[in-house]
Amino acid sequence: MSIHPQLNKNGELQHLLTTEGLPVTILRHILDTAESFTGVTERDVKKIPLLRGKSVFNLFFEPSTRTRTTFEIAAKRLSADVINLSMAVSSQTKGETLLDTVNNLSAMHADMFVVRHNQSGAAHLIARHVGPEIHVINAGDGWHAHPTQALLDMFTIRRYKQDFHTLRVAIIGDILHSRVARSQIHALTTLGVPEIRVIAPKTLLPARVERLGVHVYHNMTQGLKDVDVLMMLRLQHERMESAHLPSTEEYFKYYGLTPGKLLLARSDAIVMHPGPMNRGVEIDSEVADGSQSVILPQVGFGIAVRMAVMSILAGN
Amino acid sequence: MQLPDAEQLLTLLIEKIRLDVTDKTTIVGIHTGGAWLARRIHQALKITQPVGVLDISFYRDDYSKIGLHPQVRPSQLPFEAENSRIILVDDVLYTGRTIRAAINELFDYGRPASIHLAVLVDRGGRELPIAARYTGAVLTLPESSMLELRQADDGKLSLDLRSIVTE
């Protein structure tokens with residue numbers, strides 16, 4: 001097994017598991033390819049024959065609407081057959097192990113697995129287990145990684161800001177529980193963003209987060225100064241096993257993005273959010289629906305980016 | 001081997017196409033060589049409809065063998081494909097597989113009234129029932145060679161023949 005389980009022996013992408021350690025050439029290739037797919041949506045026939053005859057299995061062990069739907073649309077636009085499996089209500093509850101499930105689906109001639117799981121490393125485990133003809137995409141594993149979300153965020157930034165090398169980017173909110181934040185930090189670093197800030201209360205930051213090369217801020221007034229890109233994170237109620245915060249109202253008061261706080265950033269700064277949003281908790285409605293928000297375009301870009309990832313993987 | 005001059009072939013090709021141009025004619029070039037030619041033809045014939053460019057990477061029939069091309073460009077068809085009269089332009093016509101892919105892609109934009117093919121060089125070797133309506137030159141070349149159109153910094157076009165090593 002190589003150090004990079006997501007690359008094949010030729011250094012090409014075999015699986016997409018994390019943005020950590022992903023070579024910049026592959027990152028750019030994904031973003032460039034996605035650019036070509038954005039045009040497909042505007043055509044008469046919103047379909048491309050690349051994955052015709054291939055079967056893509058969406059294995060979602062954790063609820064998700066947006067990610068699962070955009071993966072499904074992406075696969076269908078590439079002419080693949082898509083099979084959606086909500087594993088929470090399936091054989092897992094009958095006691096089947098994860099790898100037994102994968103073996104059974106492989107026997108049904110799956111070509112690609114899109115995996116969402118609440119355990120970190122689930123997609124890695126499947127990727128190590130499957131044969132060389134099967135590709136695995138991590139659609140979010142525990143607190144670990146969510147590479148396609150980070151890639152669509154990179155695509156969004158490039159659309160609005162072009163050059164990564166001059167940007168000041170702030171990631172704001174629940175960094176501790178966020179696989180999105182980790183994947184964003186790795187991708188931003190690889191693409192050459194010189195200043196990445198994380199803004200959060202101490203209780204929502206992982207220990208020694210500075211080791212990822214980010215600047216840590218505990219208050220919005222200092223953290224948002226002169227920022228070009230604001231990447232909001234969702235306050236993850238369902239992951240809050242212990243009390244990290246006094247209350248969501250208190251959180252909004254200090255860390256919620258309001259029009260007033262947004263004024264601290266650059267006047268042409270963009271506001272992003274991976275969704276689903278908690279209005280009035282991490283973001284004010286006026287900002288979410290405002291002129292600097294690119295939250296809805298992000299969703300559309302997510303389809304193009306996922307098409308790019310799938311078509312590159314299936315061709316390798 | 002002495003190759004013909006690409007600029008002279010283009011002039012010849014333009015004159016052949018000129019006879020059939022109407023106000024409904026649209027020009028679509030296949031990336032990259034075909035796109036260079038399409039822009040020149042479009043300009044020379046003063047075509048009113050904007051020029052289109054296709055990157056057929058997503059429609060190639062060898063995708064499952066060689067994967068996705070590392071540099072895919074967006075296709076641009078800035079006119080209504082439905083009922084359009086398209087002259088599809090490419091530099092070299094060989095197996096016909098690129099043209100098959102291009103026709104498939106065009107139909108995903110709508111149903112054209114007609115598609116005709118214009119190529120700078122037809123080098124034979126067809127593997128599909130495809131023929132060009134307008135041709136600059138017909139050449140017979142060894143199978144182990146690759147004929148490519150080049151564009152210099154000043155826009156001047158030339159043909160280049162390379163031998164390819166087959167595995």
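## Close-ups of a two-chain model

**View 1. Helix α5 of chain A, a mostly covered helix.** α5(A) is mostly covered, with 11 of its 15 residues buried (buried here means 20 or more other C-beta atoms within 10 Å of the residue's own, exposed means 12 or fewer, and partly exposed is in between, with C-beta atoms placed from the backbone). Keep in mind that this is a predicted model: local features need pLDDT of at least 70, side-chain atom pairs count only at pLDDT 80 or more, and totals for chains, interfaces and linings use all residues. Residues are numbered from 1 along each chain as its sequence is written, while chains are lettered from A and ligands numbered from 1 in the order in which they are written. Helix α5(A) covers residues 147-161 and reaches 20 Å from its first C-alpha to its last, close to the 21 Å expected at 1.5 Å a residue (the expected span is 1.5 Å times one less than the number of residues). Helices (H or I, at least four residues) and strands (E, at least two) are DSSP runs, numbered from the N terminus. Among the buried residues of α5(A) are Pro147(A), Leu151(A), Met154(A) and Phe155(A). The buried residues of this helix pack against α1 (24-38), β4, α6 (179-190), β8 (229-232), β9 (270-272) and α11 of chain A; contact means C-beta atoms, placed from the backbone, within 7 Å.

**View 2. Helix α11 of chain A, one of the packing partners of α5(A).** This helix runs over residues 295-315, 21 residues in total, and reaches 31 Å from first C-alpha to last, close to the 30 Å expected. Since 17 of those 21 residues are buried, α11(A) is largely enclosed by the rest of the structure.

**View 3. The open sheet of chain A.** Four strands line up in the order β2-β1-β3-β4 (chain A), with parallel pairing; two strands pair if DSSP finds at least two bridges between them. Look for β2 (81-86) and β4 (135-141) of chain A at the edges, where each pairs on one side only. From one strand to the next, the twist averages 15° (axes are lines fitted to C-alpha atoms, for helices over the stretch in contact, and angles run from 0 to 180 degrees between N-to-C directions). Strand β1 (residues 55-60) of chain A has five of its six residues buried, so it is largely enclosed by the rest of the structure. β1(A) pairs with β2(A) over six bridges, in the parallel sense, and Val56(A) sits opposite Val82(A) in β2(A). Further along, β3 (residues 112-117) of chain A runs parallel to β4(A), joined by five bridges. Here Val114(A) faces Ile137(A) in β4(A).

View 4. Strands β3 (residues 85-93) and β4 (residues 114-122) of chain B run parallel and share eight bridges, with Ile87(B) partnered by His116(B) in β4(B).

**View 5. Where the two chains touch.** Chain A puts 17 residues into the contact and chain B puts in 15. On the chain B side, that comes to eight nonpolar, four polar and three charged residues. For these classes, Ala, Val, Leu, Ile, Met, Phe, Trp, Tyr, Cys and Pro count as nonpolar, Asp, Glu, Lys and Arg as charged, and the others, Gly among them, as polar.

**View 6. Ser247(A), out in a loop.** You'll find Ser247(A) in the loop between β8 and α8 (248-255) of chain A. With 9 C-beta neighbours inside 10 Å, Ser247(A) counts as exposed. Val281(A) is 34 residues from Ser247(A) in sequence and 9.7 Å from it in space, C-alpha to C-alpha.

How values were computed:
Contact = placed C-beta atoms within 7 Å.
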